[in-house]
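Thank you all for coming.

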Amino acid sequence: MASKVNLDTSERLDITCRQGDTFSLTLTLKNCAGTALTLTTSEYSFLMQVWSVDARGAASGDPILGSPNLGKNVTNSFEQFVIDDSGNVTISATASTMREIEGGVYIYDLQSILPTSAGADTHTTVLRGNFIVNPDVSKSL
């Protein structure tokens, strides 16, 4: 008989970017057989939030960067996520948005949301890790 089960299938991916630079990250999502997910046809949506970290390493305060139309106290948001039926999801933020994010180490996660016919959408955390923003010297006008 099994003694434990682990339902956390998320992968750790630390992201390092630069304050004030345009942010663009394209990921290709596949199922366990290695087949690309049909993100558009299946009507996937995505949720991503970046948070400050408290002394225990837990998310603290309000998200400093998040998905568009999040409905929380998010001052800065990513652009609309772009998806296709080859499993690609592109997450981007403008240089002016990234200029507002102070250099530092934050935490994030990315969730996929798959609608179901029963109305109980399936939420799955795909990625998690550190979101590191290196400070920038040059400031565009």
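This is a predicted model: local features need pLDDT of at least 70, side-chain atom pairs count only at pLDDT 80 or more; totals for chains, interfaces and linings use all residues.

**Strands, core and rings**

Let me begin with strand β4, which is joined to strand β5, residues 59-66, by 4 bridges, the two strands running antiparallel. Residues are numbered from 1 along each chain as its sequence is written, and side-chain values use heavy atoms, with hydrogens and water left out.

As for terms, strands are DSSP runs of E with at least two residues, numbered from the N terminus, and two strands pair if DSSP finds at least two bridges between them.

Coming back to β4 and β5, valine 53 has alanine 59 in β5 as its bridge partner, and in the hairpin of these strands, which has 5 residues between them, glycine 57 takes a positive phi near 90°. Strand β4, residues 45-53, is also joined to β8, residues 104-114, by 7 bridges, again antiparallel, and here methionine 48 has leucine 110 in β8 as its bridge partner.

There is also an open sheet of 3 strands, in the order β3-β7-β6 with antiparallel pairing, whose edge strands, β3 and β6, each pair on one side only. Between β3 and β7 there are 6 bridges, and serine 24 has serine 92 in β7 as its bridge partner.

Which residues touch the most other members of the largest nonpolar core? They are Phe23, Met48, Phe78 and Phe131, in a core of 27 residues, where a nonpolar core is a set of buried Ala, Val, Leu, Ile, Met, Phe, Trp, Tyr and Cys residues joined through side-chain atoms within 4.5 Å, and buried means under 20% relative accessible area, with a 1.4 Å probe and protein chains only. The largest share of this core, 4 residues, comes from β9.

Turning to the rings, those of Phe, Tyr and Trp (its six-membered ring) pair if their centres lie within 6.5 Å, and planes under 30 degrees apart count as stacked, over 60 as edge-to-face and the rest as tilted. By this rule there are 5 aromatic pairs. Tyrosine 44 and phenylalanine 46 have ring centres 6.2 Å apart and planes at 15°, so this pair is stacked, and both residues are buried. Phenylalanine 78 and phenylalanine 81, with centres 6.1 Å apart and planes at 65°, are therefore edge-to-face.

Technical notes. Buried means under 20% relative accessible area, exposed over 50%, partly exposed in between (1.4 Å probe, protein chains only).
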